Amino acid sequence: MTIQRALEELSSLLGQRLSRSKSDLEQHGASETHFPLTPPDAVAYPESTEEVSEIVKICARNGCPVVGWGAGTSLEGQAQVFQGGISVDFRNMNKVLQVNPEDMDVSVQPGITREDLNTELRATGLFFPVDPGANASIGGMASTRASGTTAVRYGTMRDNVLGLEVVLADGRVIRTGTRARKSSAGYDLTGLFVGAEGTLGLITELTLRLQGQPEAVTAAVCAFDTLDDAVQAVITTIQMGIPMARIEFVDEATAAAFNGYSGSDMPLCPHLMVEFHGSESGVQEQAEAFGEIVADHGGKGFEWATRPEDRNALWKMRHHAHWAVLASKPGAKALVTDICVPISRLADAVNETRADIDASPITGPILGHVGDGNFHAILLFDEENPEEVQAVEDLSHRMVERSLAMGGTATGEHGIGVGKRKYMEAEHGAAWDVMGDVKQALDPQGIMNPGKMLRGN
Ligand SMILES: Cc1cc2nc3c(=O)[nH]c(=O)nc-3n(C[C@H](O)[C@H](O)[C@H](O)COP(=O)(O)OP(=O)(O)OC[C@H]3O[C@@H](n4cnc5c(N)ncnc54)[C@H](O)[C@@H]3O)c2cc1C
């Protein structure tokens, strides 16, 4: 019973679709952030649920760890293989299986990316709203319970996944949920697998809720003198119930990075980037109400983007923030961290974090989906400099401590992986042990994505 034996059996099952090439192993051993390269023993490329089930059965027989791989954009080392074993890459399972326009839902395979899904949906007048910025896979997004710029209006993956097909750790295939919009039938297993980071099973199909493309869309950027003014404007907007489709905060350092990377000429101060969806009159009303709030908080320099190409340019710049910030300090590594606090504590959380970073030797722009109380710091450091390594770890740690003390969470959307496992006890207490009980019941051998999220696995 060894990984080697599993690889031999997998090779007979998959032939060329079990890869051990150096480039494949390295690609599947890398992450978007600061975790070291940890190549898996092999990469499997299944093409059907039946194949995924056979793969898992072989791995279960041989005690070989199995780690799902969508697009590899997760930020806490979730998709890396730290204890040997195989990476199961879903890129060949990337089909739209069924669109039901009248019910506004769609069934897809897990490897489809959100951009490809929305391209395929374009002609239907519907779209899938969850947008983490990166062109992640739908299976990976469900597994990290992703959200992003539009969650303030449309919710996270938790709200947008209606049902799943899952291959369990013993190879059994189950279906959770239905196409009905709601159900009181039993435990919510869909909710259990959404956010499980592949520790309980591999998702092989998803049924998703869709939204109608809005009749009118308009976006804008506005500038503020202080970080506090910008954040207070967000809090008032949310408390007034204005149905923002996006409301993003970027600080002065992020604006500077945008200018350097995208050639924009944003004034060097904090900004909000917003978008409104609705009917022509609805959008206008929302924009006016928001404009008044902004004026009350000293906001200025509104730039509207009503044409699709201008909006695309605006959101492309926002989505490229990670790379813009990285480019601002060539050679630096990034520790990207996110916390989420109750909206009433947002200003304190952002202000205290900004002051903490400013008092350290680290460059760390702050930006985020502030309408949900969620924000990120991209902490840049030289990995050869132990003082900087320690400083970013300390800053990230204090961000989480601050969030938990304010009634928030260690991560609003990036998930746990290996990076934030150390905070599970503080956030969940005895409930973390219950998660361990669920893991033990569904994966007693501990082969599904070991070393992540749970205590001592
Ligand atoms: C620039 C940048 C910006 C980002 N912004 C956001 C953001 O705004 N919001 C946000 O939520 N995230 C954000 N992220 C993080 C990332 O995009 C999300 O975590 C995303 O959901 C990961 O999807 P993926 O397809 O890349 O998954 P992967 O990284 O491949 O995998 C993520 C996890 O899911 C598991 N997994 C993958 N496929 C399956 C499957 N079929 N069955 C079971 N388990 C599976 C993996 O084992 C792993 O544990 C950002 C990342 C980058 C690089």
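Which hand, left or right, does the crossing of helix 14 and helix 15 have? In this predicted model, the crossing of these two helices is right-handed.

**Helix 14 and helix 15**

Helix 14 spans residues 346–358 and helix 15 spans residues 386–405; their axes lie 11 Å apart and the packing angle is about 160 degrees. Because angles over 145 degrees count as roughly antiparallel, helix 14 is roughly antiparallel to helix 15. On the helix 14 side, the contact involves Ala349, Glu352, Thr353, Asp356 and Ile357, which meet Leu395, Arg398, Met399 and Arg402 of helix 15. Sorted by class, this contact has 4 nonpolar, 1 polar and 4 charged residues.

**Helix 1 and helix 3**

The axes of helix 1 (residues 3–14) and helix 3 (residues 49–62) come within 8 Å, crossing at roughly 160 degrees. The two helices are therefore roughly antiparallel to each other, and helix 1 passes helix 3 in a right-handed crossing. From helix 1, Ile3, Arg5, Ala6, Glu9, Leu10, Leu13 and Leu14 take part in the contact; their partners in helix 3 are Glu51, Glu54, Ile55, Ile58, Cys59, Arg61 and Asn62. By class, the contact of helix 1 with helix 3 has 8 nonpolar, 1 polar and 5 charged residues.

**Tabulated geometry**

| Helix pair | Axis separation | Angle |
|---|---|---|
| Helix 1 and helix 3 | within 8 Å | roughly 160 degrees |
| Helix 14 and helix 15 | 11 Å | about 160 degrees |

Methods:
Residues are numbered from 1 along each chain as its sequence is written. This is a predicted model: local features need pLDDT of at least 70, side-chain atom pairs count only at pLDDT 80 or more; totals for chains, interfaces and linings use all residues. Side-chain values use heavy atoms; hydrogens and water are left out. Axes are lines fitted to C-alpha atoms, for helices over the stretch in contact, and angles run from 0 to 180 degrees between N-to-C directions. Helices (H or I, at least four residues) and strands (E, at least two) are DSSP runs, numbered from the N terminus. Angles under 35 degrees count as roughly parallel, over 145 as roughly antiparallel, 65 to 115 as roughly perpendicular and the rest as oblique. A crossing is left-handed if the near helix is turned anticlockwise from the far one by less than a right angle, and right-handed if clockwise. Contact means heavy atoms within 4.5 Å. Ala, Val, Leu, Ile, Met, Phe, Trp, Tyr, Cys and Pro count as nonpolar, Asp, Glu, Lys and Arg as charged, and the others, Gly among them, as polar.
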